[in-house]
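Hi there,

Here is the structure I promised to pass on to you. Have a look at it first, and then read on for what I found.

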Amino acid sequence: MYTITSDLDVRDMARGAVLLGSGGGGDPYVGELYLRNQLMEGRCPTIIKASELADDAFVVSIAGVGAPTVIVEHLVSTLTLLRLLEASEKFYGRKIDALISAEIGGVNSMFPLALGTRAGIPVIDGDGMGRAFPHLEMTTFGVYGCAATPSVLMDDSGNVVHVHTTTNRIAEDVVRSVCASLGSMIFGSFYPMSGRQVKQLTVHDTVTHTLEIGRRIRAARESQLDPVKGVLQFLDAPDEGRYARELFNGRITDVLHETRDGWHWGRVLISSGAGVEPEFRVEIQNEYLVARHHGRTVAIVPDLIAILDAESAEPLTAEMLAYGQRVRVIGYSAAPIMRRAECLKVFGPRLFGLDEDFRPVEELVAAP
Amino acid sequence: MSTAPPVLGVDVGGTNTDAVIMVGDNVIAAAKRSTTADVGEGLIEAVRAVLEAARMSPASLSTVMIGTTQFINAFVQRRDLTEVAAVRIGLPMTDGIPPMVGWPDDLIKVVGNHGYLVGGGSFYDGREYERLDTAALQQAARDIRAKNIRSIALTAVFAPVRPDIEQKAAEIILSVHPEADITLSSDVGGIGLVDRENAALINASLRQLSRKVVTSLRDALGRLGVNAPIYLSQNDGTLVSTTYATRFPIVTCSAGPTNSIRGAAFLTGLQDAIVMDIGGTTTDLGFLVRGFPRETATAHLIGGVRTNFRMPDVLSIALGGGTHVRGSADQVLLGPDSVGFELTRRALVFGGRDLTTTDIAVRAGQATIGDKSRVSSLDDRLVNAVLNRIHTQIEDGIDQMKTSSLPVPVILVGGGNILLSRPLRGTSKVHRPEHADVANAVGAAISMVSGRVDRLFDFAVGREKALEQAKEEARSAALAAGAEPESIEIVELTELPMTHMRTTAVQVKVRAVGRLRVGGAA
């Protein structure tokens, strides 16, 4: 267990959360400001390891659902968060002992911390994705049998919707529809779990990971070291089953964005300047899905792809990419639990319409 | 011989006040004087000098156009700012992030921390989720009045979609607090509540100063006998009236680099180019698109405060004429430190002891300044290695600014242009125009007027129809700003669809510009 007491730590966590977002998940800026304000008011987030939970403890995920364009106007309401907590405890019929993030990449890394800090409830050091994904059902929680519902949804005006679906995939569709009816930004409690489940179904230590990544980038910048190398050295830890590789270093020569069926599609081309044709290509579907060098896959979902500003190592979301940026692309292994066969059936390459199987980034990069 | 009436263009910078007189497309005369603390005296000196050089009388000037960095400098240096109150119409939303979270402490100390949240606001589609809480608003206004604060920034959720909510709220505040001086967020920013509210607050804190500066400029010109209408340049290189500038000083904050870029463009006749201003300490690169500077796409910090305010996209490289040179031919170290304004004392060619990029340029025969003999012993290999490095850094900067891989022309202004002698990779031609040292005053003198729209449009009516409506709104705004109707054209159109939602709302940004109507704004 530890508490976050410094403004700098919150900013580091937000930066780390963008890197783990693999290009998606939304800008954590709103969540970052919320937490910084809580710190100013003297409240600090408490983070506990799953192993510190009692087996019969009760844990839920808190998440915001909505469009990035809307979040930046509606911001966050403390009243809504507290009401959601109250309504959830009433609905589930028991006190919530801890909160957990369903998605550590992007803005939803911050909302459990926001409510946890305000209400004095600890937040689990872990999440259900270890990154960002576009759908509610794409979690380790779901893969290993935890239902996303029953769930309580709430908007800032006090409208409450209870959702109880037969599958997590249907829950995704229903939640999205409710969101659209309520001004395109709602908060909800999902994946009610026991302490025992949390210990088994979670991608562990990811909250601390966001903090450490952000710190590494900042420290490397301040010490005039190459910040990208700094973060790579930290991420690449084979002893702990983590692999990170620099996949490419170049300049963006083209970015394509389009919105189809409510999702962000696109691709980015990156060139080293050596040849006429750009050698490197990353496909986007809300997140960075697959990276190919000369047409050969070098990293693929659920492994993470991070595009960093070449100088500052600032992680860039897909919306931030623009022609001419000097970038460095990093491939980072998803947590071992995320690479298991049963997980790949829920968020492997084929679920995103890619006609190839998952292979780990460390193998792809080493292959001739 | 042109028959166009003469216009006066002025740039009131932090160090120098530059003035040019132009007739049609010709620069008739130029003058450069030191900026003074009250800005008025420096202006009088520069204008008097340029009138003398042009042999013209003050009364013959038809229009005066002024660009100034006074407001941005004041905000960055935290001086001459007033205390402000932030009133936000948002409840039951937004209460978790009150106004000014994340602002630097030294700034809060000067402008105070007076935030008020009241009920009201709209969804992205314009529906009100809560009626404006009149009683709470009146209470806030009474409280602000009791604190003797006049400057207020007023921000409502999704105000770019429903500006009328802010307008109505302003009337209510004024009915309780008639002395209130209110900045509406919808007048200074687009989607993104925190950034827009920040812009409104910055503007509110600068209003008192802007009245003082504009009055000082007006009085100075009046004393000289200049009776022509006066305009100020705004960030996008178009003009606003002095009345508008006193209400929205933030729109003039970044006029300096913009005018420099546009002036350079004008002096060469180019519409699309990279403009490179090589000074003593840095090289600033801007990108000219259809005669206007390209603007930043991401959030922009002003004095440590994040805003989504439109700013020219300027890339600064730590490389200028005063940059220190260290190391050997095999390992050249360039800067990033510079001798800056002490160049004429510290560089080798001026009898100093610091090896600078200027010394290398003189040794290479690219410039004839100072005492050449003081650098004659410099190693040829070192000189060559430094020049290689300079050109590579500049070429990398050009590369970063480009929007396509096609070669672009480059316009070189600023005293540091002696550093470059070779063709630059990725460029088609390097231009070094006459009057490049007063390019910013020229930029002010050729300013046009503009109108803008940045809000969500419903594409359910059809994309073409929705875009046409957006363009029409921008044209009307340009007309209201004083544009000649026939000269108005749409220079920018951006569509940003809402992701994660199956909706037909699309954020559309449109900008229309036109020539200033003789006689000015309506």
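Let me start with a question: is the crossing of α2(A) and α5(A) left-handed or right-handed? Take a moment to turn the view around before you decide. Please keep in mind that this is a predicted model.

The crossing of these two helices, α2(A) and α5(A), is left-handed. Helix α2 of chain A covers residues 29–40, and helix α5 of chain A covers residues 111–119. Their axes come within 9 Å and cross at roughly 20°. An angle under 35 degrees counts as roughly parallel, so α2(A) and α5(A) are roughly parallel to each other.

Which residues meet there? From α2(A) they are A:Gly31, A:Tyr34, A:Leu35 and A:Gln38, and on the side of α5(A) they are A:Phe111, A:Leu113, A:Ala114, A:Thr117 and A:Arg118. Sorted by class, this contact of α2(A) with α5(A) has five nonpolar residues, three polar ones and one charged one.

Now for the whole chain. Chain A holds twelve helices and 16 strands. Its radius of gyration is 20 Å, close to the 21 Å that the globule rule gives for 368 residues, so chain A is as compact as a globular protein of that length. Along its principal axes, the C-alpha trace of chain A spans about 65 × 45 × 40 Å.

How much of chain A is buried? Of its 368 residues, 55% count as buried. Finally, among contacts in chain A with a separation of 6 or more, 73% are between residues 24 or more positions apart.

Enjoy exploring!

Best wishes

Note on methods:
Residues are numbered from 1 along each chain as its sequence is written. Chains are lettered from A and ligands numbered from 1 in the order in which they are written. This is a predicted model: local features need pLDDT of at least 70, side-chain atom pairs count only at pLDDT 80 or more; totals for chains, interfaces and linings use all residues. Axes are lines fitted to C-alpha atoms, for helices over the stretch in contact, and angles run from 0 to 180 degrees between N-to-C directions. Helices (H or I, at least four residues) and strands (E, at least two) are DSSP runs, numbered from the N terminus. Angles under 35 degrees count as roughly parallel, over 145 as roughly antiparallel, 65 to 115 as roughly perpendicular and the rest as oblique. A crossing is left-handed if the near helix is turned anticlockwise from the far one by less than a right angle, and right-handed if clockwise. Two residues are in contact if their C-beta atoms, placed from the backbone, lie within 7 Å. Ala, Val, Leu, Ile, Met, Phe, Trp, Tyr, Cys and Pro count as nonpolar, Asp, Glu, Lys and Arg as charged, and the others, Gly among them, as polar. The radius of gyration is taken over C-alpha atoms; the globule rule is 2.2 Å times the number of residues to the power 0.38. A residue is buried if 20 or more other C-beta atoms lie within 10 Å of its own, exposed if 12 or fewer, and partly exposed in between; C-beta atoms are placed from the backbone.
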